[in-house]
Amino acid sequence: MRVAERFDRRTLRVLGFIALMVFLAACAGDAELDTRTDLQGPEAAEIESFLNWVLYIAYVIGAVITGAVLYFWWKFRVKGDYEEGDWPEQSHGNNALEIGWTIAPALLLAVIAVFTISVHASLNDREDNPINLELTGGEMKVWEPEVVVIGQQWWWEYQYHFTPEALDAQRLENLPPADLVTATQMVIPVGQEIELEVTSRDVIHSHWIPSLNGKRDAVPGRQTSPWKIEADEPGVYFGQCTEFCGLSHSRMRMQVVALEMDDFEAWVSAQMEPVALEAGDQAYVEALVAGESPSPEGTIQRGINTFRTKCSSCHMMEGVAEDLWSEERVAEQLVAGAAPNLTHFASRTMFAGGIYYVWDPDTGQFNDNDVRAWLQNPFALKENYTDPVSDEDSRMRGMPNLGLTTQELDDLVALLQIAGDKPSDFIIEQSGVE
Ligand code: CUA
């Protein structure tokens, strides 16, 4: 029988199209989340090497099975003088074969299991590795290079603690206040093994920076054993939450910025400081904190005023409104009990869960369009739950529309732009996502 009689042209065309789609789907070039390109550090290398061995074994098995299928297909094909009911000799059951194809894969899987467990153990291996950081002005800090990674709907918080005992707390609620807090962007020094303590404030998320290591679930109420990452080269490494966590799961991204040690020390020094205000603006804040009500002069002072009245019940901004912010107050407003600390907003590459640039990677300019659009109507830019949890529970899961006026928007954008030092041109350029 000829092939064309069995499959008409239309069926063949559809099959051809599907095959082409499957083939093209494998073409992702330099996609940011490619697990097998731009690998950095020993952890990613270890996973890659293990994965390769499993793949080599799978290739051999695949080739043997495909070969056997093709061989039998050819050997027992219908030949010219076939008559209805003319079957080759049939048989049923073969103990030797059954035992063979049960034991062989079991042995193979057992061998792979031994290597899986050993790779896992090595990825979880923990060692003390304190780094002496010399901050600007000569102050020294001893940092056991760990970062507490906290997922919540739909952004990541990164905490740095310079007292190693703090990390023995094991549970999020027992952690003392962090020395340094960032959102959406984790900054690490190159050539250092960084341990991540991954946890969550609400539902299960999964933290994944493909170039630097595999993924690790962020489970509420639990701080899992540390997960290590290391970058060999300065640059920006992309990540994405990989556990479905609700409406904006796909918009829960993050970037790891790896810096040379000097640059990292400068970054830490800057992050320890409040917003750098000019003397007049600082005096304005001091007057407000003292309970006076001077009228604001200029964009920044109006921005400070708006921030204090509209933003400070959820967002911390040191040097501008820390007298108004408290964890308890945030917990009354938000399900996760946390909102990004905005003291160093302008030092970051991305905002709103890593989906908008703070600095445009093409022009290097502050992305005031998206910052303004976000402040004006967050739901238009990123799906969130627009309503409070329930009639009895008024807490929100995302940023509400604050109904800001054009003037308030201008002032807040100006304030956010001076909150933190602009990253280097190299980092801004690298932060671009294709
Ligand atoms: Cu968080 Cu998906």
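Author: A crossing is left-handed if the near helix is turned anticlockwise from the far one by less than a right angle, and right-handed if clockwise. This is a predicted model, in which local features need pLDDT of at least 70, side-chain atom pairs count only at pLDDT 80 or more, and totals for chains, interfaces and linings use all residues. Residues are numbered from 1 along each chain as its sequence is written, and side-chain values use heavy atoms, with hydrogens and water left out.

Reader: What handedness does the crossing of helix 9 and helix 11 have?

Author: Helix 9 passes helix 11 in a right-handed crossing.

Reader: Why is helix 9 called oblique to helix 11?

Author: The axes of helix 9 (residues 368-376) and helix 11 (residues 406-418) come within 10 Å and cross at roughly 125 degrees. Angles under 35 degrees count as roughly parallel, over 145 as roughly antiparallel, 65 to 115 as roughly perpendicular and the rest as oblique, and therefore helix 9 is oblique to helix 11.

Reader: Why does Gln240 count as buried?

Author: Buried means under 20% relative accessible area, exposed over 50%, and partly exposed in between, with a 1.4 Å probe and protein chains only. Gln240, which lies in strand 11 (residues 235-240), has 12% relative accessibility and therefore counts as buried.

Reader: What makes the pairing of Gln240 and Arg253 a polar contact?

Author: A polar contact is a pair of N or O atoms within 3.5 Å; within protein, one must be able to donate a hydrogen and the other to accept it, and residues adjacent in sequence count only if both atoms are side-chain atoms. The side chains of Gln240 and Arg253 make such a contact at 3.4 Å.

Terms used: Axes are lines fitted to C-alpha atoms, for helices over the stretch in contact, and angles run from 0 to 180 degrees between N-to-C directions. Helices (H or I, at least four residues) and strands (E, at least two) are DSSP runs, numbered from the N terminus.
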